[in-house]
Amino acid sequence: DLSNCTKKDILDYFNNSYDLYESLFLGLKDDSVFYKCPDRLRLPLVFYYAHTAAVFVNKLMLAGLAKERINLPFETIFETGVDEMSWDDTENFRMGGSYKWPSMKEVVEYRRQVRELIVQIIQETPLALPITMESPWWAIMMGIEHERVHLETSAVLIRQLPISLVQRPSGWQYAPSEADVPAKANKMVSVQATDVAIGKPRDFPSFGWDNEYGREIFNVPSFEASQYLVTNREFLEFVTQGGYQSRDLWTTEGWKWVQYREARHPTFWVCDQGCKSGCGADLAKETHCPPRLALTSGSNNIDEPECKKAKAGE
């Protein structure tokens with residue numbers, strides 16, 4: 001609530017976000033993995049590790065909260081990513097194997113210096129409530145929320161790596177794959193047609209991205225949705241019954257994605273049919289799904305014993 005918060009609240013939220021993001025990368029086996037491309041349409045992981053800190057500094061400079069830069073070259077090369085759309089897959093100078101990224105020692109030290117700067121700014125800048133778009137504190141909240149966005153997107157990228165390149169960070173616990181009580185039937189629930197208003201007012205007391213503001217009313221026709229989130233077991237049935245080969249089960253855009261990726265199951269799952277990993281650069285020919293020797297050429301069948309979740313994704 002940006003109309004009722006303290007410096008301690010903001011500092012705690014910042015440190016929590018910064019720590020969470022750094023802990024995510026403890027899942028990489030060693031420093032060399034930071035220079036791998038888990039997706040052919042994205043940059044190496046070292047970019048995303050430094051990106052959130054570089055953007056934070058740039059926003060603080062624009063807001064007038066930071067008076068000097070920490071490392072201008074870093075705040076240039078780590079500032080802007082690439083578009084992940086399939087039509088933007090031309091390698092730019094940072095995606096090619098010849099580009100020399102900074103060492104992890106330098107990048108880790110840069111993140112440490114950025115943390116020090118942000119902590120100092122939070123502690124020394126007078127806080128006037130509420131924090132609005134016109135407040136310099138808005139840049140601090142933007143930096144925190146931007147890092148939390150990348151916490152999700154970087155987690156996805158790391159899960160796309162070959163299992164041999166990842167590890168379970170110390171202290172992390174896998175979610176249970178079984179339960180003493182069987183899952184309840186996931187019945188479909190009918191939702192009646194209604195008008196739905198989306199958007200929030202400019203004075204809403206939380207940070208928001210530009211596309212969250214304004215107000216639009218849409219008429220949503222009646223539909224059905226499952227009562228609970230779809231489970232892995234339920235989605236496995238979709239896979240084993242040929243869901244990825246059935247055009248009528250996909251939207252036009254979704255089907256183009258299936259064909260582009262040559263997908264047979266979710267990226268994080270493992271079978272034994274030599275599926276393309278979708279990784280880039282020197283991982284482009286990697287597969288998460290080593291083919292079995294007796295595989296029939298051209299087969300699209302994936303049965304339950306053959307298609308299972310990778311341990312790294314459980």
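Predicted model: local features only at pLDDT ≥ 70, side-chain atom pairs only at ≥ 80, totals over all residues.
Trainee: Which hand does the crossing of helix 1 and helix 5 have?

Mentor: Left-handed. That means the near helix is turned anticlockwise from the far one by less than a right angle.

Trainee: What makes residues of helix 1 and helix 5 count as meeting?

Mentor: Contact means heavy atoms within 4.5 Å. Among those meeting are Ile10, Phe14 and Leu24 in helix 1, and Trp137, Ile144 and Leu151 in helix 5. By class, this contact has 14 nonpolar, 4 polar and 4 charged residues.

Trainee: How many helices and strands does the chain have?

Mentor: 7 helices and 6 strands. Both are DSSP runs: helices (H or I) of at least four residues, strands (E) of at least two. The order from the N terminus is α-α-α-α-α-β-β-β-β-α-α-β-β.

Trainee: What share of the chain is buried?

Mentor: 38% of the 314 residues. Buried means under 20% relative accessible area, with a 1.4 Å probe and protein chains only.

Trainee: What are the ground rules here?

Mentor: Residues are numbered from 1 along each chain as its sequence is written. Local features need pLDDT of at least 70, side-chain atom pairs count only at pLDDT 80 or more, totals for chains, interfaces and linings use all residues, and side-chain values use heavy atoms, leaving out hydrogens and water.

Key: Nonpolar A, V, L, I, M, F, W, Y, C, P; charged D, E, K, R; others polar. Buried < 20%, exposed > 50% of the residue type's maximum accessible area, 1.4 Å probe, protein only.
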